[in-house]
Amino acid sequence: MGSGVVRPLVNSAETALTAAAFVYWPWDRAVPNSLSLALVFAALSCVIRPTSGALWLCAGLVLLFTRPHCIARTLYIVKCTLMVGIPAIASMLVIDRLGYKRWVFPPYQFYLFNVHEGLATWFGESPPLYHLYVSMPILFTSMLPFVLHGAYIAIARGYASAQPAVVAVAAMFVFSLVGHMEYRFLYPLLPIGFMYAAVSINSLVSTLPRGLDTGKKSSKDSMGAKTKRWRLWSVRNIIAYLLVTNVPASLYLNLVHQRGVVDVMAYLRSEAQNHLVEDIGFLMPCHSTPYYSHLHQPIPMWFLSCEPPLEKSALATHYWEANDFELDPVGFMHRIFDSKDSGVLDVVDQRYQPGQTRRKPSHLVMYECMADRIHSELELLGYSECARFFNTHFNGDSRRKGDVVVYRRPLTATK
């Protein structure tokens, strides 16, 4: 969790807005007076990430059917939804019109691409239970037992409202209907999980004899094995357990794991500031590194294309550079690099068409596993290794193994 929220910023913002909405959401309330404020935060989360609508659809249905026979309450819910929803949808349309220069409705586009055309699997196909046995353990780590226990006692013993659990399960089911899944898609469920973890910890600690909740001995410590079991669930022990099982992992994942893809951008920025970089090419699986958000220099850059087709019928013939390069890296470089090696581009963030010929950049960035395959060819093209950065001790993707390596060739005439 600690290493996740800092990466996909849109998902993190969506989660923060969802948490705010949940604070004011009228769980189990006969009169949902705070619904309007909750819907404002919910609408904002949908504007920045339209797929959040699936979660709020589940929450809205649960709210409606809690007391279906109360007509006045139902009408009030519908009125609040329309008063907030219509301006939110209008704002979404206007913002996207300004960005795309044409009218689009993102939820419909999402349906067309992911459901109707079934192209979500272009980014990787996930098993149906992926969110259950991959996403949940990653998001909650060692807190997951408390989450499950808290949900159980909320439902079975009435310690807390069971409605959030119903919403979470329903939303997770909806998110599992798409072929491609990532754990970040469940970020909005984190507030619900943390709430149930708090319910669990509170129930465990509140049953302790006086003194045991802080780890101190009770003045009437004569209960034998039962007292020892109680001591296991003291506040001090629970906090120590969560810190020991989360802090080292968070430090490693944030400071060590996959740091090379960030360190290389700091190196390139420094080189660019000293006028030692003309342009940069990334011979890596697309989006492996940060881009201009870390470079902060007007240097032309490009990476291997990996855009999916827009129609399923074009899937068999669709061309993408990342796949072409992986299958035949030497042949790809011969096809892609201009033999005349024309002058430096003046256009920052040049948008090449997939397969379009381009000049040999002054710097090439790639993973060690690829550098080993094409090192001889790079030397023939005039490149030599200039920097290397440790990236990770392990990686499940064979295309991303080893260090991040930078090659450069002599600079051409100054721009």
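Predicted model: local features only at pLDDT ≥ 70, side-chain atom pairs only at ≥ 80, totals over all residues.
Strand S3 covers residues 363–367, and because 5 of its 5 residues are buried, the strand is largely enclosed by the rest of the structure. In a regular strand the side chains alternate between the two faces of the sheet. Both faces of S3 are covered, with His363, Val365 and Tyr367 buried on one side and Leu364 and Met366 buried on the other.

| Strand joined to S3 | Residues | Bridges | Direction |
|---|---|---|---|
| S1 | 280–282 | 3 bridges | parallel |
| S5 | 404–408 | 5 bridges | antiparallel |

Leucine 364 in S3 stands opposite glycine 281.

Among the helices, H6 spans residues 130–140, and its buried residues are Tyr130, His131, Val134, Ser135, Met136, Leu139 and Phe140. These buried residues of H6 pack against helix H7 (144–157), helix H8 (163–175) and helix H9 (190–206). After H6 comes threonine 141, which has a positive phi, near 45 degrees.

Helix H11, made of residues 235–255, includes leucine 255. Leucine 255 counts as exposed because its relative accessibility is 51%, where the cut-off for exposed is over 50%. Together with Val235, Ile239, Leu243, Val247 and Leu251, Leu255 makes a nonpolar surface patch of about 510 Å².

Conventions
Residues numbered from 1 in each chain as written. Heavy atoms only, no water. Patch = residues over 30% accessible without salt bridge, like charges linked within 9 Å, V, L, I, M, F, W, Y side chains within 5 Å. Areas by Shrake-Rupley, 256 points an atom, 1.4 Å probe, with all protein chains shown as cover. Salt bridge = Lys/Arg side-chain N within 4 Å of Asp/Glu carboxyl O. Helix = DSSP H or I, 4+ residues; strand = E, 2+ residues; numbered from the N terminus. Buried < 20%, exposed > 50% of the residue type's maximum accessible area, 1.4 Å probe, protein only. Pairing = 2+ DSSP bridges. Contact = heavy atoms within 4.5 Å.
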